[in-house]
Amino acid sequence: MSIRQLPSAGFSITVRVSLPADAGAIGRLTTAVGEAGGIVTALDVVSSDHKNVVVDITCDTSDSGHAEQIAQILGSLPGVTVRKVSDRTFLLHLGGKVEVTSKVSLRNRDELSRAYTPGVARVCMAIAENPEDARRLTIKRNTVAVVTDGSAVLGLGNIGPAAALPVMEGKAALFKRFGGVDAWPVCLDTQDTDEIVNIVAAIAPVYGGINLEDIAAPRCFEIEERLRERLDIPVFHDDQHGTAIVVLAALTNALRVVDKRIEDVRVVVSGAGAAGTAIMKLLLKQGVGDIVACDRVGALHRGMEFNGRESWKWLAENTNRENYSGDLKGALVGSDVFIGVSAPNLLEGADIARMATDPIVFALANPDPEINPMEAAEHAAIVATGRSDQPNQINNVLAFPGVFRGMLDAQATEWTDAAALAAAQAIADVVGADKVNPSVIVPSVFDPHVSPAVAEAVKKALLADREQPDGS
């Protein structure tokens with residue numbers, strides 16, 4: 001039997017209804033919503049007379065079908081007429097979520113002459129003579145491009161650039177809210193690697209950093225690598241590095257709780273795509289004991305066919321010390337940590353029970369994880385997911401706003417492993433070694449200390465790299 005997801009604000013609706021003005025009418029509405037599995041979050045009287053009252057009842061539902069069902073139930077109540085059903089998520093997106101506002105006033109001819117012609121010409125010539133001045137005298141100083149081709153959007157797949165735009169708008173809004181960074185969506189109507197690289201390189205003069213987003217593997221690896229070679233600004237693929245940073249931060253604190261050292265643990269990762277590969281590479285940089293990478297073909301091991309997937313070949317050569325060649329469930333036996341960035345419902349509680357003492361489970365597939373969190377918790381010491389309705393949410397918002405804030409403040413020209421490790425440690429330390437527990441291994445995304453701590457750590461790491469004699 002399928003179990004309906006819990007109601008959430010992502011499927012919130014407002015239903016405007018007309019009903020008789022008797023003492024129990026509104027109570028019948030809220031009772032009906034509750035019995036249908038919804039959660040009433042607001043009830044507002046719109047108008048009334050001596051016979052009728054019009055109210056807006058707002059409630060969280062579990063999905064679109066559930067929302068429709070609740071509206072039908074309300075409409076079937078005696079004397080109740082449903083006038084309108086509004087999806088609050090769609091209302092929030094009307095006209096888009098970001099805008100451009102001017103930082104300067106243009107109230108008179110004097111201000112116009114300095115902001116634009118003729119005064120602006122002097123600033124243009126200063127930049128022409130010294131291109132580095134663009135970071136000081138233009139929006140480049142604080143602006144990031146959020147670039148996608150729409151080929152791997154959330155868990156929705158290859159839906160294209162126009163359909164990806166709401167996600168990129170949201171990303172831009174998060175940059176501003178949590179990092180004070182001005183970001184702009186750049187959704188490209190091409191999935192050709194050469195074209196993407198050339199287009200991004202051509203628009204790069206405007207930006208202080210490039211955030212690649214929702215580009216399918218393995219093309220995302222080549223695009224990032226080639227752009228890093230061509231550009232003098234940082235290129236950061238958030239699906240890879242943002243995820244890896246937060247996972248390492250969470251694992252750092254999880255290991256504190258179970259009193260294990262990272263160099264002693266064996267980690268099994270389900271999903272060897274963009275996120276999984278970056279997670280494993282960062283764990284290796286941190287000195288993890290061993291990793292077994294699993295994908296649809298089973299464990300990646302030396303001697304298997306890679307069919308041109310160089311990232312898989314690299315993983316097989318640099319992980320899986322015992323060269324295990326079986327399936328995911330077999331790899332879990334005796335392991336300390338499971339990290340899933342793959343697909344829902346791959347595991348059962350019995351699989352977690354066969355792991356080592358005090359196992360750690362990060363089931364991050366969204367919206368449905370690799371194992372039901374409640375089932376995993378019966379056997380695991382610590383469980384984390386990517387869901388906001390579960391404890392220990394592994395959320396990239398903990399990383400990327402502070403990461404870019406730090407890169408921009410350092411006027412960085414590249415992204416480094418040292419900065420990634422520093423960012424992860426900063427996130428872990430916001431919680432504090434004395435405050436971590438099985439339900440709190442990462443801070444809240446709304447914790448005001450997170451982004452500044454990450455920004456400062458990243459800035460220091462990048463400036464320290466710059467001061468190295470060899471420039472590395």
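Two strands pair if DSSP finds at least two bridges between them. Strands here are DSSP E runs of at least two residues, and helices are H or I runs of at least four, numbered from the N terminus. The model is predicted: local features need pLDDT of at least 70, side-chain atom pairs count only at pLDDT 80 or more, and totals for chains, interfaces and linings use all residues. Residues are numbered from 1 along each chain as its sequence is written, and side-chain values use heavy atoms, without hydrogens and water.

**Sheet**

Four strands form an open sheet with parallel pairing, in the order β6-β5-β7-β8. The edge strands, β6 and β8, each pair on one side only. On average, neighbouring strands are turned by 25° against each other, direction ignored. Strands β5 and β6 run parallel and are joined by six bridges. V146 has P185 in β6 as its bridge partner.

| Element | Residues |
|---|---|
| β5 | 143-148 |
| β6 | 182-187 |
| β7 | 209-212 |
| β8 | 235-237 |

Helix α16 (residues 400-409) packs on this sheet and touches β5, β7 and β8. Its direction makes about 175° with that of β8. Axes are lines fitted to C-alpha atoms, for helices over the stretch in contact; angles run from 0 to 180 degrees between N-to-C directions.

**Cores**

A nonpolar core joins buried Ala, Val, Leu, Ile, Met, Phe, Trp, Tyr and Cys residues through side-chain atoms within 4.5 Å. Buried means under 20% relative accessible area (1.4 Å probe, protein chains only). The largest core has 76 residues; I245, L283, I339 and F362 touch the most other members. Helix α10 (residues 238-258) gives the most, with 11 residues. Another core, of 21 residues, lies apart and includes V197 and F221.

Technical notes:
Buried means under 20% relative accessible area, exposed over 50%, partly exposed in between (1.4 Å probe, protein chains only). Contact means heavy atoms within 4.5 Å.
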